[in-house]
Amino acid sequence: MAVKMRLARAGTKKRPYYHIVIADAAAPRDGKFIDVVGAFNPMLKKDDANRVKLDTEKAAAWLKKGAQATDRVLRFLDKAGLAKREARNNPQKALPGKKRLEREKAAAAAAAAAANG
């Protein structure tokens with residue numbers, strides 16, 4: 001059984017609040033879970049101490065048992081000093097898409113034809 005440490009939504013409409021839970025990887029996001037190790041309130045300011053509440057002892061125990069954290073939870077664990085999150089680097093992210101490159105190439109060709117003719 002693969003075990004994940006992930007977020008489960010608990011807030012009302014337009015007022016998100018998440019529990020940091022340990023759940024089977026096949027369980028639905030807000031479904032059955034094994035244990036609650038913390039909470040995350042994205043409505044609070046980023047520098048607020050109550051934005052992320054984490055039971056570090058429980059979280060460390062579950063990591064030792066082999067629980068895999070999702071990317072967002074891994075950010076919280078990294079900030080708490082429990083796990084190391086590698087910074088991601090995608091140099092292709094900012095480049096324009098294939099269709100836009102084709103449109104720009106066609107526009108440049110049309111401009112060159114208009115200048116020559």
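A: Start with R29, which forms a salt bridge with D30; their closest N and O atoms are 2.9 Å apart. Keep in mind that this is a predicted model.

Q: Is R29 buried, partly exposed or exposed?

A: R29 counts as partly exposed, because its relative accessibility is 48%. D30 is also in the partly exposed class, at 43%.

Q: How many salt bridges are there in total?

A: The count comes to 6.

Q: OK, what does K58 pair with?

A: K58 forms a salt bridge with D35. The closest N and O atoms are 3.4 Å apart. This pair links distant parts of the chain. K58 is in helix α1, residues 56-65. D35 is in strand β3, residues 35-40. They are 23 residues apart.

Q: And D35, buried or exposed?

A: Buried. D35 has 18% relative accessibility, and the cut-off for buried is under 20%, so D35 falls in that class. K58 is partly exposed at 32%.

Q: Which residue does D71 meet in a salt bridge?

A: R85. Their side chains meet at 3.2 Å, N to O. D71 lies in helix α2 and R85 in the loop between α2 and α3 (98-116), so the pair ties together parts that are 14 residues apart in sequence.

Q: How accessible are D71 and R85?

A: D71 is partly exposed, with a relative accessible area of 29%. R85 is buried, at 17%.

Q: Which residues are linked with D71 and R85 in a network?

A: R75 and R88. Together with D71 and R85, they are linked in a network of salt bridges.

Q: Switching topic. How much space is in the largest pocket?

A: About 340 Å³.

Q: What lines the largest pocket?

A: The lining is F40, K46, D48, A49, R51, V52, L54, R72, R75, F76, K79 and A80.

Q: How does the lining divide by residue type?

A: There are 6 nonpolar residues and 6 charged ones.

Terms used:
Residues are numbered from 1 along each chain as its sequence is written. This is a predicted model: local features need pLDDT of at least 70, side-chain atom pairs count only at pLDDT 80 or more; totals for chains, interfaces and linings use all residues. Side-chain values use heavy atoms; hydrogens and water are left out. On a 1 Å grid over the protein atoms alone, a cavity is a set of points where a 1.4 Å probe fits but cannot get out, and a pocket is an open set with protein on both sides within 12 Å along at least five of seven lines; lining residues have an atom within 4 Å of a point. Grid points are joined across faces, edges and corners, and a volume is the space filled by probe spheres set on the points. Ala, Val, Leu, Ile, Met, Phe, Trp, Tyr, Cys and Pro count as nonpolar, Asp, Glu, Lys and Arg as charged, and the others, Gly among them, as polar. A salt bridge is a side-chain nitrogen of Lys or Arg within 4 Å of a carboxyl oxygen of Asp or Glu. Buried means under 20% relative accessible area, exposed over 50%, partly exposed in between (1.4 Å probe, protein chains only). Helices (H or I, at least four residues) and strands (E, at least two) are DSSP runs, numbered from the N terminus.
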